[in-house]
Amino acid sequence: MHSALTIAGSDSSGGAGIQADLKTMLAHHVYGMSAITALTAQNTAGVAGILDVTPDFLALQLDSIFQDIYPEAVKIGMVSKGSLIKVIADKLHQYPVYNIVIDPVMVATSGAKLLNDDAINVLKDYLFSLATVLTPNIPEAMILSDIEIKNEEDMKKAAQIMSEKYQCAILVKGGHQINDANDLLYDGHHFTWFKGKKIDNQNTHGTGCTLSSAIASNLAKGDNLHDAIKKAKDYISGCLQENLDLGSGQGPMDHGYKLK
């Protein structure tokens, strides 16, 4: 069995973060492991609290994983402190991995900033250069490229700027702000659009986490980046089409629809 590691925060409601990543990996028949960067108290209505782990404990988690079951791919999600980001970068230099998917969780789809400027700078300086692919949403892409994104041409400009700056492939997630969830990949040479299906489902909690962990799962199984993204997009569409309706707020998707 192929294996993958998620480095991210825990979502107590199960729809995003570590829990979504592990469910996605299982649905792809990949053995999932986790290093938790933070505990959150949250549900579909919002986040009540966040408790970050210490840098030493994060390092201990990563040592324990890499020294026993070496992952074939790594997905990195929410890391809120610069000290934790540096630990991850140090450990990925110590234990090299060919497939690294980074979901730069800096800005919510609403535009709300989730990381302070110091932590964002540490991400840029220490972690992004290790990535196989970054998967920013539109607000995050605007921060990382320093340009405003209003249309698909702007998405292409931003992707090219980020790829040249961070020396990795970039998948800009279009979402409903620009188009009907059409995502753009720039691999350093070519642009590729991945069309998303328009699905009438407001329960989309954890879509970013799920997409990035699905890409990592497919890379762990040996797919090239284009195929890994295409399959991940198809998986997201399937999760949404089940129209799972749980909770009083923005609910989760059905990660296990393929297991039925």
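Analyst: What follows is a set of questions on helix packing and a cavity in this predicted model.

User: Why are α2 and α3 called roughly parallel?

Analyst: Helix α2 covers residues 55-66 and helix α3 covers residues 82-94, and the angle between them is about 25°. Angles under 35 degrees count as roughly parallel, and α2 and α3 are therefore described that way. Their axes lie 9 Å apart, and their crossing is right-handed.

User: Which residues make the contact between α2 and α3?

Analyst: On the α2 side they are Pro55, Leu58, Ala59, Leu62, Asp63 and Phe66. On the α3 side they are Ser83, Leu84, Val87, Ile88, Lys91, Leu92 and Gln94. By class, this contact has nine nonpolar, two polar and two charged residues.

User: What makes α3 roughly parallel to α4?

Analyst: Helix α4 spans residues 117-127 and packs against α3 at an angle of about 10°, with the axes 9 Å apart. The cut-off for roughly parallel is under 35 degrees, so α3 and α4 get that label. From α3, the contact uses Gly82, Ile85, Lys86, Ile88, Ala89 and Leu92. From α4, it uses Ala119, Val122, Leu123, Tyr126 and Leu127. Nine of these contact residues are nonpolar, one is polar and one is charged.

User: Why is α8 called oblique to α9?

Analyst: Helix α8 (residues 207-220) and helix α9 (residues 225-241) meet at about 135°, and their axes are 8 Å apart. Roughly perpendicular ends at 115 and roughly antiparallel needs over 145. The angle of about 135° falls in the rest, which makes α8 oblique to α9. The crossing is right-handed.

User: What classes of residue are found in the contact of α8 with α9?

Analyst: There are 10 nonpolar, three polar and two charged residues. Those from α8 include Leu211, Ala214 and Ile215, and those from α9 include Ala228, Lys231 and Tyr235.

User: How do you know how many cavities to count?

Analyst: The count takes cavities of 30 Å³ or more, and it comes to one. The largest cavity has a volume of about 30 Å³. Rolling a probe the size of a water molecule over the atoms shows where empty space is left.

User: What lines the largest cavity?

Analyst: Its lining consists of Gly77, Val79, Ile102, Asp103, Pro104, Val105, Leu115 and Leu123. Six of the lining residues are nonpolar, one is polar and one is charged. Gly counts as polar and Asp as charged, so Gly77 and Asp103 are those two.

Technical notes: Residues are numbered from 1 along each chain as its sequence is written. This is a predicted model: local features need pLDDT of at least 70, side-chain atom pairs count only at pLDDT 80 or more; totals for chains, interfaces and linings use all residues. Side-chain values use heavy atoms; hydrogens and water are left out. Axes are lines fitted to C-alpha atoms, for helices over the stretch in contact, and angles run from 0 to 180 degrees between N-to-C directions. Helices (H or I, at least four residues) and strands (E, at least two) are DSSP runs, numbered from the N terminus. Angles under 35 degrees count as roughly parallel, over 145 as roughly antiparallel, 65 to 115 as roughly perpendicular and the rest as oblique. A crossing is left-handed if the near helix is turned anticlockwise from the far one by less than a right angle, and right-handed if clockwise. Contact means heavy atoms within 4.5 Å. On a 1 Å grid over the protein atoms alone, a cavity is a set of points where a 1.4 Å probe fits but cannot get out, and a pocket is an open set with protein on both sides within 12 Å along at least five of seven lines; lining residues have an atom within 4 Å of a point. Grid points are joined across faces, edges and corners, and a volume is the space filled by probe spheres set on the points.
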